[in-house]
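Hi there,

Here is the structure I promised to pass along. Have a look, and my notes follow below.

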Amino acid sequence: NDDALASKRNLDNIRNHETTLLKANEKKNRERVAAMQLELKKCSDSLRATQKALDEKSDALNNCEKDREFDRMKTEEDAECVRKNAAVIENDLHATEEALSDTRKELSDVKSKLAATIAASDAQREAETKFNEENQKMMSS
């Protein structure tokens, strides 16, 4: 009877010890799960922050590419405009050179006419001077 009682106490003690160990184990497991959940939340937050930074950098890169494409197109438009302006200027230059050549010819003609007019004027003055001198000689005589 005492043995049965002692065995029952031993069995109760073992069960109590098992229960205590199971409770301690459960508590440790809950703490581990809580720690892992906290770590998971940190990782998740870090992942969200990294994704947000990646999205921002991607947007910035896309904007840079759009700006570069706009600049390339603008440069092409500017180059075409410069080519057209150069062609217009070249045509104007040729027209100006032709006009200058025509003006030189006209100037040469005017110089020739001026020289002829001066020569005629000089000849007329000489003739008038001779006429006046001869007129005075006749009047004096």
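**Notes on the helix and its charges**

Leucine 40 sits in helix H1 (helices are DSSP runs of H or I with at least four residues, numbered from the N terminus). Please keep in mind that this is a predicted model, where local features need pLDDT of at least 70, side-chain atom pairs count only at pLDDT 80 or more, and totals for chains, interfaces and linings use all residues. Residues are numbered from 1 along each chain as its sequence is written, and side-chain values use heavy atoms, leaving out hydrogens and water.

Leucine 40 counts as exposed because its relative accessibility is 60% (buried is under 20% relative accessible area, exposed over 50%, partly exposed in between, with a 1.4 Å probe and protein chains only). From leucine 40 to lysine 52 is 12 residues in sequence and 18 Å in space, C-alpha to C-alpha.

On to the charges: the structure holds 9 salt bridges (a side-chain nitrogen of Lys or Arg within 4 Å of a carboxyl oxygen of Asp or Glu). Among them:

- Glutamate 26 pairs with arginine 30, with the closest N and O atoms 3.4 Å apart. Arginine 30 is exposed at 52%, while glutamate 26 is partly exposed at 46%.
- Glutamate 69 pairs with arginine 72 at 2.4 Å between the closest N and O atoms; both lie in helix H1, 3 residues apart, about one turn of the helix.
- Lysine 74 pairs with aspartate 78, the closest N and O atoms being 3.5 Å apart. These two are 4 residues apart in helix H1, so about one helical turn separates them.

Salt bridges with shared partners also join Lys41, Asp45 and Arg48 into one network.

Best wishes
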